[in-house]
Amino acid sequence: MANASNKGFEAATFVGPFVTRELLAGFRKLGLPLGDLCAAAGMAPEELMDPAARIPTAVHRTLWREAERLSGDPSIGFHSAQAIPMTALGGPIGQLAAVSETGLDAARHLARYGRLVGDGFHVELVEDDTAATLEVRVAGAQDTAARHTCEAFFTVLWRISREMLAEPPTPTRVSF
């Protein structure tokens with residue numbers, strides 16, 4: 001279950017470097033002009049691809065909005081996440097998920113280290129005897145860029161679980 005509300009949640013300031021690198025890799029695979037996207041965001045491609053740089057959230061959101069505008073694709077979050085090369089998927093969190101024995105273990109890693117995605121990205125895993133619920137909150141959720149972030153996140157999560165886990169989880173419900 002994805003919860004895109006930002007109730008009681010502070011605005012984000014930075015996004016982790018692996019997130020922006022994955023995003024640009026997906027955009028590149030979709031044939032979007034990276035130079036134009038980066039120019040709209042006010043940063044050079046080299047700055048955005050720097051593996052040590054934490055990118056301002058405003059820049060990240062501008063990339064999403066500009067990618068949607070240039071592509072004309074209202075589902076750019078979903079499609080860009082499908083295009084990211086498997087070797088780049090999920091950064092350090094994806095690597096933890098890949099070495100997890102079960103989907104539940106992967107979700108536990110994600111909940112523990114989700115803040116590596118960004119300051120305004122919160123993942124919570126709620127477990128009981130019958131189910132586990134993964135809740136994601138993105139600061140500024142009223143923004144279309146936050147919607148794309150959530151769609152991309154869950155697409156990446158689904159790809160990792162399907163392609164890398166010995167026993168991928170079977171969701172019973174997904175909601176945004």
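The sections below treat the model, the overall fold and the aromatic pairs in turn.

## Basis of the model

The structure is a predicted model, in which local features need pLDDT of at least 70, side-chain atom pairs count only at pLDDT 80 or more, and totals for chains, interfaces and linings use all residues. Residues are numbered from 1 along each chain as its sequence is written, and side-chain values use heavy atoms, with hydrogens and water left out.

## Fold and surface

The chain contains eight helices and four strands (DSSP runs numbered from the N terminus: helices H or I of at least four residues, strands E of at least two). Their order from the N terminus is β-α-α-α-β-α-α-α-α-β-β-α.

Of the 176 residues in the chain, 45% are buried (under 20% relative accessible area, with a 1.4 Å probe and protein chains only). The accessible surface is about 8900 Å², and carbon and sulfur atoms account for 54% of that surface (Shrake-Rupley method, 1.4 Å probe).

## Aromatic pairs

Two aromatic pairs are present (ring centres within 6.5 Å, the six-membered ring being used for Trp; edge-to-face means planes over 60 degrees apart). The rings of phenylalanine 27 and tryptophan 64 are edge-to-face because their planes meet at 85 degrees, with the centres 5.6 Å apart. This pair links distant parts of the chain, 37 residues apart: phenylalanine 27 lies in helix α1 (residues 17–29) and tryptophan 64 in helix α4 (residues 57–71). Phenylalanine 27 is buried at a relative accessible area of 0%, and tryptophan 64 is buried at 3%.

Phenylalanine 153 and phenylalanine 154 also form an edge-to-face pair, with 4.9 Å from centre to centre and 85 degrees between the planes. Both phenylalanine 153 and phenylalanine 154 are buried.

Note on methods:
Phe/Tyr/Trp six-rings, centres within 6.5 Å; stacked < 30°, edge-to-face > 60°. Buried < 20%, exposed > 50% of the residue type's maximum accessible area, 1.4 Å probe, protein only.
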